[in-house]
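Student: Could we go through this model together? I'd like to take the metal site, the ligand and the sheet in turn.

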Amino acid sequence: MEKNQINTLKTLLSTPKKIVIIPHKNPDGDAIGSCLGLYHYLKQYGHKLSIVAPNDYPDFLKWMPGEDNILKYEYQTETATRKIKEAEIIFTLDFNSLSRIDDVATVLESFEGDYVMIDHHQAPDGYARFTYSDTSMSSTCEMVYNFIAFMGDTDKISKEIATCLYTGIMTDTGSFRFPSTTSATHRIAAELIDKGAENTQIHNAIFDSNSVEKLHLLGCALKNLVELPDYHTVYIALSKEELEQFNYKKGDTEGFVNYGLSLKGVIFAVIFIESAQDDIIKISLRSKGDFSVNEFARKHFNGGGHINAAGGRSEFSLEETTQRFEQLVKEYKDQLS
Ligand code: 5GP
Ligand code: MN
């Protein structure tokens, strides 16, 4: 973030404001963690704060400190709309295009205050007066830590802030293993532990809260795995009938796509999930090395994200989508060999 932007923002935030913080739709650990970390930090300045999530999120995120303050636009539409209409400043966290927040974007059309964007995805839109965008960052939580540091306030990092930020860094780095994990990421994580983040407990709360049904669904997904050995690619498809059979709940398929990448030699793994709710196929894409799933998702599946992790969607049927995918992959033979 530029020095003069930091100074202007510092002045703006030095008196109490009405602030709304917004994560992307289907928020993950980094989205919720960064919103809550920022929320606990800004609270210390006496601001009137709300967090408005476009929709609900998995139960394994619902233990986080302050989580019960988050308004879910899909359920609390009226209150959330009022908070946005009253807001003077809106922070948008862990996304960079208003298309990522669905209906909330419509409410924002009448917003005339200042946007602050903090985000680490590719190709940011230009809607924010204050933009802190850095695609080299492991997570938005790491950036919120930096943001607090830019404000000269690391001594204000409480156990609550540390817990929320540690959670998002941990989830977005795949527990500190993805290439976006730098020595700076580890230093910040270490500092957050010193400030009270209980790393083992946080890891357990996120990853060791599985149900038997979820593990059975994982079994089904792994059985469905298709190899495209000529392209070092694998994919998994899950139909809505299969999801129903294993009593699918939001978040149950989180991380499944990574099993594909654990296969020796595989550099491109995709999961296609038929959503009964939205009548679309949700797609998660992961890669290793230089193959950009961000570009692939942007070009073919109306999505985007990072070089090695992206999401997208398809309006075709599950079978049509996987067939189309098999055809598309052939065009990338050079990059995938
Ligand atoms: P996931 O596969 O876990 O849903 O998402 C992987 C990454 O891609 C995340 O950083 C997520 O924010 C991003 N992402 C997921 N879906 C979309 C999408 O539809 N559009 C864009 N631009 N990014 C997405
Ligand atoms: Mn993120």
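What follows is a conversation about a predicted model, taken topic by topic.

Student: Let's start with the metal; what coordinates the manganese ion (ligand 2)?

Tutor: In this predicted model, the manganese ion (ligand 2) is held by OD atoms of Asp 30, Asp 94 and Asp 172 together with NE2 of His 120, at 2.1 to 2.4 Å.

Student: And what spacing do those donors follow along the chain?

Tutor: The donors of the manganese ion follow the spacing D-x63-D-x25-H-x51-D. Asp 30 belongs to helix α2 (residues 29–43) and Asp 172 to helix α6 (residues 159–172), so this pair ties together parts that are 142 residues apart in sequence.

Student: Are Asp 30 and Asp 172 buried or exposed?

Tutor: Asp 30 and Asp 172 are both buried.

Student: OK, switching to ligand 1: which residues are around it?

Tutor: The residues around ligand 1 are Arg 100, His 121, Ser 284, Arg 286, Gly 303, Gly 304, Gly 305, His 306, Ala 309, Ala 310 and Gly 311. By class, that shell has two nonpolar, seven polar and two charged residues.

Student: Which strands supply residues of that shell?

Tutor: At least two residues of the shell come from each of β10 (280–287), β11 and β12 (309–314), and β12 gives the largest share, with three residues.

Student: How much of the accessible area of ligand 1 does the protein cover?

Tutor: Ligand 1 has 490 Å² of accessible area on its own, and the protein covers 74% of that.

Student: Back to the strands, then: what is the order in the open sheet?

Tutor: The open sheet has six strands in the order β7-β8-β9-β10-β12-β11, and the pairing is mixed. Strands β7 (226–228) and β11 (304–305) stand at the edges with a single partner strand each, so one side of each has no neighbour in the sheet.

Student: And how many bridges join β8 to β9?

Tutor: Strand β8 (residues 233–238) and strand β9 (residues 268–275) run parallel and are joined by six bridges; Tyr 235, for instance, has Val 270 in β9 as its bridge partner.

Terms used
Residues numbered from 1 in each chain as written. Chains lettered and ligands numbered in written order. Predicted model: local features only at pLDDT ≥ 70, side-chain atom pairs only at ≥ 80, totals over all residues. Heavy atoms only, no water. Pairing = 2+ DSSP bridges. Helix = DSSP H or I, 4+ residues; strand = E, 2+ residues; numbered from the N terminus. Near = heavy atom within 4 Å. Areas by Shrake-Rupley, 256 points an atom, 1.4 Å probe, with all protein chains shown as cover. Nonpolar A, V, L, I, M, F, W, Y, C, P; charged D, E, K, R; others polar. Donors = N, O, S within 2.8 Å, 3.2 Å for Na, K, Ca; no water. Buried < 20%, exposed > 50% of the residue type's maximum accessible area, 1.4 Å probe, protein only.
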